[in-house]
Amino acid sequence: MNALKRHRLLTRIWASDSGWKRCFTTVSHTDLGRMFLGMAFFYFAVGGVLAMLIRAQLASPDAAFMGPDIYNQVFTMHGTMMMFLFAIPAFEGLAVYLLPKMLGARDLAFPRLTAYGFWCYTFGGFMMLTSMLVGLAPDGGWFMYPPLTGPAASPGVNTDVWLLGVTFVEISAICAAVELCVSILKFRAPGMSLDKMPIFVWYALVTALMILTAFPPLILGSILLELERAIGLPFFDAALGGDSLLWQHLFWLFGHPEVYIIFLPAAGLISTIIPVMSRTSLLGHGWVVASVVALAFLSFGLWVHHMFATGIPHMGVAFFSAASTLVAVPTAVQVFAWIGTMWHGRPQLQMPMLYILGFFATFVIGGLTGVMLAIVPFDWQAHDTAFVTAHLHYVLFGGFVFPVLAGLYYYAPLVTGRRRFFRIGEYAFGLVFIGFHGTFFAMHWVGLLGQRRRIYTYDADTGWELINLISSIGGFVLAIGLAMVLLDLALNAIVAIRGKRNPWRSGTLEWSMMLPPSAYNFASLPRVTSREPLADIPDLPTRLARGEGYLAVPRDGRREMLTVSTTHAHPESLVVYPGNTALPILMAAVTGSFFLSLLFKIYWFTPFAVLAVAALAWRWVWGLGSQTDEEDQEIGFGETVPHAMQTDRSQGWWGSVFLMVADATLFGSLIFGYAFLWTIAPNWPPPQWLAFSVWEPLIGVAGAAVAIIAARQTPRPMQRRSGTTTGMPHLLPTWQSLLGLSALAAAFIGLLLRTPLPTEHAYGAVLCVISAFGLFHALLAILMLVFLVFRIRRGFISSRRRSEVEIVKLWINYAALIGVVCLVLILSPVLFT
Amino acid sequence: MLAGSTLIVIIVAALIWRSFSSTPPTDKPLGRNIRIWIYGLGLVFPMSVLAALLIYALVVGERLLPHLDDEVVRVNAIAEQWRWQFTYTDRPEYVSEGVLHIPAGRPVDVAITTRDVIHSFWVPRLAGKLDAIPGHVNVLRIEASAPGLYHGQSAEFSGKGYTGHTFIVQAHSAADWARFLAGEPM
Amino acid sequence: MRDLLRILIAPLIWLAAFSAVYALQGFGCAAGLNEAIFVGMSFLRAMLILAWVLTIATLVGIFYWLERTAPRLPWTSAISRITACVAMVAAIWSLFPVTFTSICN
Ligand code: HEM
Ligand SMILES: [Cu+2]
Ligand SMILES: [Cu+2]
């Protein structure tokens with residue numbers, strides 16, 4: 001088979017649908033990455049327009065342009081859109097687009113999940129955008145502190161839009177994070193052991209892990225606040241044993257890591273670009289990897305520094321300012337590793353490098369003002385002034401927008417296959433740089449003079465007029481600059497001439513493919529032996545196209561990919577991807593109807609939406625798998641691997657593990673909230689404790705034990721009378737597990753019915769949520785077991801085709817464990833009171 | 001702090017500038033580079049600066065804490081959307097709105113709380129800010145060195161009326177303070 | 001996977017210990033342990049210092065364990081050594097306030 005024939009065959013297998021259908025049924029990471037990025041930059045533009053409105057309002061004292069009603073919506077939506085609808089999705093887009101290409105893979109681990117995430121993001125975003133157009137946008141500031149956002153102070157729908165909209169959008173972040181973790185660990189080119197992964201991949205892996213552990217506290221907080229608003233469970237109401245500080249803890253448990261979730265991918269781009277632009281390799285590669293890990297962990301130990309003014313004891317303040325200063329160290333290591341790389345090599349001042357210089361100038365200043373803010377006596381003065389706004393933009397714009405623009409210029413040739421022709425970019429950079437510093441340097445200054453953030457106007461005698469005017473002019477220069485960047489990129493993408501392959505002479509795999517990339521990325525998968533395969537084998541692209549790699553022979557029209565062992569990347573199994581489908585967009589729409597029913601308070605509809613989601617999920621997984629055992633498959637180089645469904649640890653198993661990491665973090669946050677309310681909140685103890693009863697723990701724990709023990713027996717092959725076995729597994733253990741889980745669920749239903757009135761005290765409310773959490777997991781596992789029964793009956797499971805059994809077992813164990821912990825949490829304190 | 005920060009910015013800028021004109025790579029051993037860039041500039045330098053700053057901040061913070069003191073005057077600040085009420089331990093029945101009276105030259109403990117949403121008590125010239133949180137009472141130590149008027153404001157966003165949510169602190173001389181406590185018109 | 005866990009384990013322990021010490025401080029204050037006296041210092045401070053020392057000891061133990069056992073990839077040991085040191089420094093640095101700052105106000 002020659003290269004052209006292979007190209008044709010693979011294209012037919014991998015291509016997305018053509019015409020208008022393409023956008024709705026595509027599951028290709030290349031398409032979806034572009035869609036993610038496009039949508040993210042659309043929201044960047046919307047957020048930018050809102051920023052211009054803010055600066056227009058603040059340009060002069062006593063401005064009558066906007067009243068506080070509108071202004072509050074505008075700055076809240078600016079912050080919310082930039083953080084949730086621009087920065088995070090832009091990372092997702094970058095990672096979705098780039099990672100398989102960098103890893104030498106043909107797609108991500110779960111192509112349909114990528115699409116589902118994209119559509120959740122899109123629909124959730126539109127929900128919020130629409131609320132703004134009709135004047136009902138959230139107006140409580142981007143961190144939405146109750147009781148200002150509680151039912152009493154904000155009765156309108158505005159806050160619900162935020163809570164539901166952001167949670168809807170966060171589904172996409174969680175999906176993307178699970179997907180990236182599994183893809184990075186299992187979907188690499190053979191031979192790409194952990195030490196040979198490109199540096200950006202490390203950043204993406206750490207970021208994805210951070211998303212899995214940082215977003216759940218926010219999701220939990222949103223659920224609790226929505227419950228308080230919708231049905232009056234008083235989690236944040238001090239009069240009824242709640243505490244508004246709980247929200248602040250949950251929010252900042254998310255909010256601080258969020259800053260690093262935004263920064264790390266950008267830093268990953270810098271670590272990728274600087275060595276290439278300097279014709280050398282990254283100085284202290286291992287140090288950079290270690291400092292990324294360190295940064296991730298440290299950033300979880302800082303959240304309280306946003307709450308220094310809430311009156312926490314000095315020792316608490318001291319812990320968190322110490323940790324906050326420490327987090328500057330791994331950042332410094334990276335910054336100096338980058339500068340050291342430039343010293344070691346010969347940096348060239350191309351477009352991407354220009355933005356990286358802009359990054360350095362901005363981010364270093366932002367880092368220093370951050371250290372200042374970590375120093376408590378100073379923070380007491382600067383907290384909630386324009387100084388903080390300025391610091392935040394130095395970090396976010398400097399640490400994210402500049403590097404991402406560098407990345408866009410760096411990867412534009414890859415995406416479009418064209419080279420730059422018009423030279424508007426340099427001027428645009430000048431405007432962006434000057435405009436940015438004009439805007440925000442001035443804001444430091446006016447903040448130190450005492451201008452608070454979030455005020456919609458100020459008096460003429462404050463002495464802030466000139467500075468604010470300068471800042472606003474800077475803002476408009478910045479906006480013009482950004483518009484020119486867009487123009488430059490668009491013009492060059494459309495008009496410019498074809499560029500050559502690997503224009504920057506990079507050594508990593510994403511440049512060893514056809515430009516623009518084909519639907520299948522690699523005609524055959526490379527066998528990696530170093531960190532820069534393309535530098536070692538300059539003709540790697542042609543060799544791959546000729547089929548000198550793994551999976552060079554298209555088979556049966558199936559989309560094939562390999563999974564590898566986590567550490568050494570030895571080939572482990574063969575994965576067959578699902579094809580193009582509209583299921584993801586349908587699923588997202590149904591998920592959206594769930595959120596809309598909550599938003600419009602059409603609660604009778606909510607259960608139907610949940611059922612519809614479950615039904616579609618059923619359909620989603622039903623389509624996978626096969627009814628016959630398959631022999632081990634040839635993958636090239638004389639190696640054979642089993643089919644993924646015939647292994648214990650399929651990609652679905654790994655995805656479940658990472659989803660559980662997120663779920664367990666949510667559970668941990670819930671436990672934290674319970675303990676926090678118990679010890680800190682005013683108006684405890686509650687008027688009435690739950691009465692202890694032995695029945696629930698007895699039934700629940702016994703049920704959990706039965707479920708786990710029985711699950712260990714599947715898939716025990718069925719015995720024939722003659723003593724031989726059939727391929728089909730025995731159904732009995734499945735029924736036993738089902739019974740055990742039903743007992744567990746019953747225990748929780750019993751508890752839910754008995755909790756002392758949840759609307760009268762936070763104690764009852766928390767018990768309700770914990771029981772509901774346990775119940776939900778038991779029901780989820782039950783649903784999976786029922787699914788498994790059907791799969792066994794229909795012959796999808798055999799003693800060889802056992803991957804689904806392993807996944808269901810994992811969930812049974814998890815649900816049982818969670819259930820027992822929930823029971824202990826609810827009942828053991830009762831024994832002592 | 002400002003001078004130090006400026007210095008660091010200048011140093012970093014100079015390093016980057018030099019990197020564009022520095023000698024070609026061949027004659028620089030990598031090991032030495034790592035020692036300079038990672039150990040020296042990346043680890044030792046920031047850690048020593050930060051350690052010094054941190055210890056300074058903690059010591060100052062410890063000293064700023066309200067310690068027991070007989071001389072201290074106690075007042076209460078109650079925030080509400082969008083006004084401030086102040087009551088005085090030494091003059092029970094009296095409530096002032098929008099103006100907090102304190103004696104000059106003496107430490108004052110302000111017990112801060114709120115009737116509705118979160119607000120924040122901040123008089124920039126007297127002390128850092130402290131939040132008013134439903135269900136909690138936070139105590140802030142302030143001290144005005146001279147009699148006069150000091151501007152105060154809420155520093156936590158609280159909705160529509162946030163911009164105008166301000167108050168005034170009036171510091172009295174010892175004689176005026178005695179008259180205030182006696183309930184004489186001021 | 002095991003190599004990855006070797007890299008993550010020490011910082012993870014720091015994070016858990018840091019949160020636990022902060023929780024201990026919160027619970028201790030709520031339970032009035034600060035008023036009880038133990039060898040010349042508040043009982044709560046004694047407990048906090050103990051927790052701090054235990055954290056550091058655990059991390060030193062982890063460090064030695066990492067040094068003594070071999071990862072699958074030699075490369076991992078360099079990284080895990082750094083992250084283990086980071087965790088030790090972080091434990092000392094972020095929790096040293098237990099020794100002198102005022103605990104409950
Ligand atoms: C395009 C240029 C930008 C300009 C001119 C701008 C301007 C502003 C201004 C003036 C405020 C203060 C509003 C107030 O306190 O009254 C603000 C708030 C904020 N900005 Fe930006 N911004 C820009 C880009 C960004 C980006 C890229 C991000 C994040 C990735 C961002 C995130 C935020 C956040 C989180 C807030 C706080 C909102 C709140 O107080 O609730 N901004 N911005
Ligand atoms: Cu923070
Ligand atoms: Cu910061």
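**Contacts and local features of the predicted model**

In chain B, the C-alpha centres of domain 1 and domain 2 lie 43 Å apart. Everything described here comes from a predicted model. The domain assignment places residues 2–64 of chain B in domain 1 and residues 73–181 in domain 2.

The size of an interface is often given as the accessible area lost when the parts come together. For chain A and chain B, that buried area is about 5,900 Å², and carbon and sulfur atoms give 73% of it. On chain A's side, three residues stand out: A:Phe336, A:Trp343 and A:Arg452 supply 15% of the area that chain A buries against chain B, more than any other three residues. As for residue numbers, 72 residues of chain A and 66 residues of chain B take part in the contact.

What about charged pairs? Side chains of opposite charge can pair when their charged atoms come close. Across the interface of chain A and chain B there is 1 salt bridge. Its partners are B:Lys160 and A:Asp69, whose side chains meet at 3.6 Å, N to O. The interface of chain A and chain B also has 9 residue pairs in polar contact. Several helices of chain A supply at least two residues each to the side that touches chain B, among them α4 (68–103), α8 (244–277) and α12 (351–374). The helix that gives the most to this side is α11(A), with 11 residues. Sorted by type, the residues on the side of chain A that touches chain B come out as 44 nonpolar, 20 polar and 8 charged.

Next up is the meeting of chain A with chain C. Here the buried area is about 3,300 Å², with 85% of it from carbon and sulfur atoms. Within chain A, the residues that lose the most area to chain C are A:Phe297, A:Met315 and A:Phe319, which together make up 23% of what that side buries. The contact brings in 40 residues from chain A and 35 residues from chain C. Across the interface of chain A and chain C there are 0 salt bridges, while 3 residue pairs are in polar contact. On the side of chain A that touches chain C, α7 (199–231), α9 (285–299), α10 and α21 (651–680) each supply at least two residues. Of the helices, α10(A) gives the most to that side, with 10 residues. The make-up of the side of chain A that touches chain C is 26 nonpolar, 12 polar and 2 charged residues. Helix α10 (314–326) of chain A also supplies at least two residues to the side that touches chain B.

A disulfide is a covalent bond between the sulfur atoms of two cysteines. Over all chains the count comes to 1 disulfide, and C:Cys29 and C:Cys104 form a disulfide with their sulfur atoms 2.0 Å apart. The torsion about their S-S bond is about -90 degrees, so the disulfide is left-handed. The pair links distant parts of the chain, 75 residues apart: C:Cys29 sits in helix α1 (residues 2–30), and C:Cys104 in the segment after α3 (74–95).

Because A:Asp160 lies in helix α6 and A:Lys601 in the loop between α19 (583–599) and α20 (606–622), the pair ties together parts of chain A that are 441 residues apart in sequence.

Most residues other than glycine have a negative phi, and most peptide bonds are trans. The bond joining A:Pro146 and A:Pro147 is cis, with omega about 5 degrees, and A:Pro147 is in the loop between α5 (111–133) and α6 (158–186). Another cis peptide bond runs from A:Leu515 to A:Pro516, where omega is near -15 degrees. The place of A:Pro516 is the loop between α16 (465–495) and α17 (533–536). Then there is A:Arg454, which is not a glycine but has a positive phi of about 65 degrees. A:Arg454 is found in the loop between α15 (425–448) and α16 of chain A.

Technical notes:
Residues numbered from 1 in each chain as written. Chains lettered and ligands numbered in written order. Predicted model: local features only at pLDDT ≥ 70, side-chain atom pairs only at ≥ 80, totals over all residues. Heavy atoms only, no water. Domains from an automatic or database assignment. Contact = heavy atoms within 4.5 Å. Buried area = accessible area lost by both parts, 1.4 Å probe. Salt bridge = Lys/Arg side-chain N within 4 Å of Asp/Glu carboxyl O. Polar contact = N/O pair within 3.5 Å; in protein donor to acceptor, adjacent residues only side chain to side chain. Helix = DSSP H or I, 4+ residues; strand = E, 2+ residues; numbered from the N terminus. Nonpolar A, V, L, I, M, F, W, Y, C, P; charged D, E, K, R; others polar. Disulfide = S-S within 2.5 Å.
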